[in-house]
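I am opening a notebook page on this structure and will write down what I look up, entry by entry.

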Amino acid sequence: MQIEENIPLAPLTTFKVGGNARYLVEARAADDVLATVEYARSNQLPLFVLGGGSNLVVSDTGWPGMVLKIGIRGVEERSDGVFEVGAGEDWDSFVALTVNRNCAGVETLSGIPGTVGGTPVQNVGAYGQEVSETITSVHVLDTATRQFKDLSNAECGFAYRTSIFNSTERGRYIVLRVTYALRPGGAAKIAYADLKKYFPEGTQPTLQQVRDAVREIRLSKAMLIVPNDDDCRSAGSFFKNPIVDTSIYEDVAAHANGSVPPKYPASDGKVKLSAAWLVEQSGFAKGYTRGAVGISRRHSLAIVNRGGAAAADIIALKEEVQKGVHEKFGIELSPEPVFIGFE
Ligand SMILES: Cc1cc2nc3c(=O)[nH]c(=O)nc-3n(C[C@H](O)[C@H](O)[C@H](O)COP(=O)(O)OP(=O)(O)OC[C@H]3O[C@@H](n4cnc5c(N)ncnc54)[C@H](O)[C@@H]3O)c2cc1C
């Protein structure tokens with residue numbers, strides 16, 4: 001176990017902002033994870049678990065304790081479409097492998113940055129699929145008991161952009177391996193409007209065609225990481241789509257100056273509003289700029305670092321957008337990324 005000191009965190013994130021980690025360890029095996037947890041505990045160092053850094057805003061003062069970067073690799077593949085994958089594997093490379101093996105289930109999640117271990121945390125989803133549909137179990141270290149254990153899909157408590165890992169049990173479990181059950185020879189999922197538009201009606205594209213289409217659509221929205229493209233120097237979508245009662249939807253519609261707010265069905269008779277629509281209608285158009293930060297020119301839901309931004313600039317724009325949306329529609333937008341080092 002090699003402990004490094006005063007390591008800049010900005011290069012380890014997609015936003016490219018934030019200060020240093022006081023200590024950083026990269027763990028390549030479950031035992032290294034346990035040893036690091038014990039070391040942090042006995043030295044009273046706050047612990048932060050880092051994956052690919054694609055859903056993070058790190059404060060300008062950095063992280064005062066130990067950052068544990070998960071570097072556990074390896075993909076075990078079974079003939080029935082079950083894949084057991086190390087948490088440190090790159091997510092999109094894993095998706096490419098499953099498509100190559102003609103296994104359906106995660107093809108529309110192509111092009112999402114980050115690690116496999118990050119996917120259960122916010123139940124990663126895009127273009128009609130969520131990882132909760134295919135995860136069968138998550139192998140974790142329980143930092144409360146310091147025991148390794150397997151959590152079933154039901155125990156993970158998955159819902160829209162949430163799980164026990166980022167809500168009720170936040171900080172308790174460290175994801176070491178994730179098991180996905182995919183469908184060998186299964187059909188690609190074409191449920192999302194953008195994909196339905198992309199493929200002629202009545203056709204059934206292959207998994208590879210769907211993967212290519214998703215990556216092309218993501219590229220057009222700067223939702224695919226391309227080095228030196230400042231429209232994707234971000235944490236992806238910055239705000240979650242609010243899930244509200246229908247009466248609130250009517251309220252939003254009443255303040256929409258004649259346009260019809262998009263809505264999607266959600267559970268318990270509620271509706272999901274489009275955060276992107278709310279942001280745009282509140283005066284924050286694509287390309288809006290505020291010093292070194294702004295809204296992506298290709299996606300109104302992405303706050304971007306145009307170069308040389310500080311975390312404080314991102315927070316200021318986040319608050320400006322939240323205030324604008326609240327004043328116009330009475331809706332509180334919740335951020336999607338994780339904020340570290342701000343306490
Ligand atoms: C351009 C772009 C597009 C994106 N598009 C999407 C999208 O379409 N859909 C979507 O859902 N997300 C999207 N995201 C967000 C992000 O890619 C995902 O949330 C991703 O799964 C985060 O994984 P990560 O490894 O980068 O986690 P990190 O950013 O490193 O960490 C995020 C959180 O997960 C925790 N975590 C990470 N690994 C582990 C682990 N092994 N054990 C325990 N906790 C862990 C961290 O402690 C932190 O709380 C996008 C981001 C970008 C930059």
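**Around the ligand**

I looked up the shell around the ligand and found 33 residues, of which G51, G114, G117, G118 and G236 come nearest; a residue counts as near a molecule if its C-beta atom, placed from the backbone, lies within 6 Å of it. I note that this is a predicted model, in which local features need pLDDT of at least 70 and side-chain atom pairs count only at pLDDT 80 or more, while totals for chains, interfaces and linings use all residues. Residues are numbered from 1 along each chain as its sequence is written.

I then sorted the shell by class and got 18 nonpolar, 15 polar and no charged residues, with Gly counted among the polar ones. Strand 3 (47-50), strand 9 (125-126) and strand 13 (173-181) each supply at least two residues of this shell, strands being DSSP runs of E with at least two residues and helices runs of H or I with at least four, numbered from the N terminus.

**Helix 2**

Which residues of helix 2 (residues 91-100) are buried? I found W91, F94, V95, T98 and V99, where buried means 20 or more other C-beta atoms within 10 Å of a residue's own, exposed 12 or fewer, and partly exposed in between, with C-beta atoms placed from the backbone. They lie on the same side of helix 2 because they cover an arc of only 140° around the axis, taken from the directions from the helix axis to the C-beta atoms. On the other side, S93 and N100 are exposed. After helix 2 comes N102, with a positive phi near 60°.
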